[in-house]
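Welcome! Have the sequence and the 3D view ready, and try each task before you read its solution.

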Amino acid sequence: MANPDRPFKHGPPFDAVVFDCDSTLSAVEGIDQLARRAGLTVDLSKLTADAMEGRVKLEEVYGLRLDRIRPSRTALRLLGELYRRRLVPGAASSIATLKSLEKPVYVVSGGLKQAVVPFVGQLGVAEENVFAVEVHHDQHGQYTGFDEASPMTRSGGKAEVCAALAKKHKSIVVVGDGVTDLEVTKVGVDFIGFGGVIERAAVRAGAPFWLPGPSLAGVLKVVLTPEEIERAAALASASS
């Protein structure tokens with residue numbers, strides 16, 4: 001549903017579409033899954049919720065969580081597999097449709113690169129179009145740290161990355177579930193809040209458009225014009 005008090009600034013049509021990963025493309029909050037695997041769910045899940053709902057700044061909890069969990073290379077591989085198994089309905093078809101129209105698709109995520117890249121690669125998103133946080137491991141695959149310079153580790157980081165993408169493309173729209181996604185509106189980037197996995201009140205209230213889910217398929221009716229939808233249907237029919 002559209003928010004009459006916060007209309008889109010640029011589209012549709014949009015020249016590129018940006019998706020969050022956790023709780024948007026996959027019904028998984030990756031850091032919580034890693035915490036569960038490490039036996040730290042009780043200690044750390046509230047920190048994730050507080051950051052995603054804007055009660056604390058992301059940079060206050062990002063490194064703290066990783067340094068407690070210390071995810072191994074194997075743990076990240078298993079997380080990537082879990083992302084795939086918990087794929088949100090409509091995510092794959094929406095990305096396929098956008099790509100059929102030759103619209104660039106990006107993933108901008110505070111998730112961990114070694115888990116996110118293989119997952120979204122299966123959806124057709126190239127690694128160079130993925131912005132996530134790289135984790136460092138030693139020769140035995142054990143955690144040694146993370147890319148602390150990544151903008152994805154701090155509040156406002158997604159907005160920074162998306163502002164740069166907006167300079168590359170005439171108009172972009174971001175689809176996500178958290179306050180860190182909503183922050184893109186502060187730099188003039190259009191945003192669609194997705195509540196199909198978890199509904200965050202602050203995001204729903206602040207989003208120019210709210211998509212309740214449970215499927216992501218409805219996003220196409222928001223980011224595409226009727227003419228583009230018709231062209232995509234014709235392309236799909238021709239290839240079937």
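This is a predicted model: local features need pLDDT of at least 70, side-chain atom pairs count only at pLDDT 80 or more; totals for chains, interfaces and linings use all residues.

Residues are numbered from 1 along each chain as its sequence is written, and side-chain values use heavy atoms, with hydrogens and water left out.

**Exercise 1. Find the order of the strands in the open sheet of six strands, and its edges.**

Step 1. Strands (E, at least two residues) and helices (H or I, at least four) are DSSP runs, numbered from the N terminus. Two strands pair if DSSP finds at least two bridges between them.

Step 2. Reading across the sheet gives β3-β2-β1-β6-β7-β8, with parallel pairing.

Step 3. β3 and β8 (209-211) each have a single partner strand, so one side of each has no neighbour in the sheet and they form the edges.

Step 4. On average, neighbouring strands are turned by 20 degrees against each other, direction ignored. Axes here are lines fitted to C-alpha atoms, for helices over the stretch in contact, and angles run from 0 to 180 degrees between N-to-C directions.

Step 5. Look at one pair: β2 and β3 are joined in the parallel sense over three bridges, and V107 has V130 in β3 as its bridge partner.

**Exercise 2. Work out which elements the buried residues of α6 pack against.**

Step 1. Buried means under 20% relative accessible area (1.4 Å probe, protein chains only). In helix α6 (residues 113-121), A115, V116, V117, F119 and V120 are buried.

Step 2. With contact taken as heavy atoms within 4.5 Å, these buried residues pack against α4, β2 and β3 (130-133).

Step 3. For the direction, α6 lies across β2 and β3 and runs at about 150 degrees to β2.

**Exercise 3. Describe the lining of the largest cavity.**

Step 1. A cavity is a set of points on a 1 Å grid over the protein atoms alone where a 1.4 Å probe fits but cannot get out, and lining residues have an atom within 4 Å of a point.

Step 2. The lining has 22 residues, with D22, E29, R65, G110 and G111 nearest the centre.

Step 3. Among the elements that give two or more residues are α1 (30-37), α3 (62-69) and α8. The most comes from β2, with four residues.

Note on methods
On a 1 Å grid over the protein atoms alone, a cavity is a set of points where a 1.4 Å probe fits but cannot get out, and a pocket is an open set with protein on both sides within 12 Å along at least five of seven lines; lining residues have an atom within 4 Å of a point. Buried means under 20% relative accessible area, exposed over 50%, partly exposed in between (1.4 Å probe, protein chains only).
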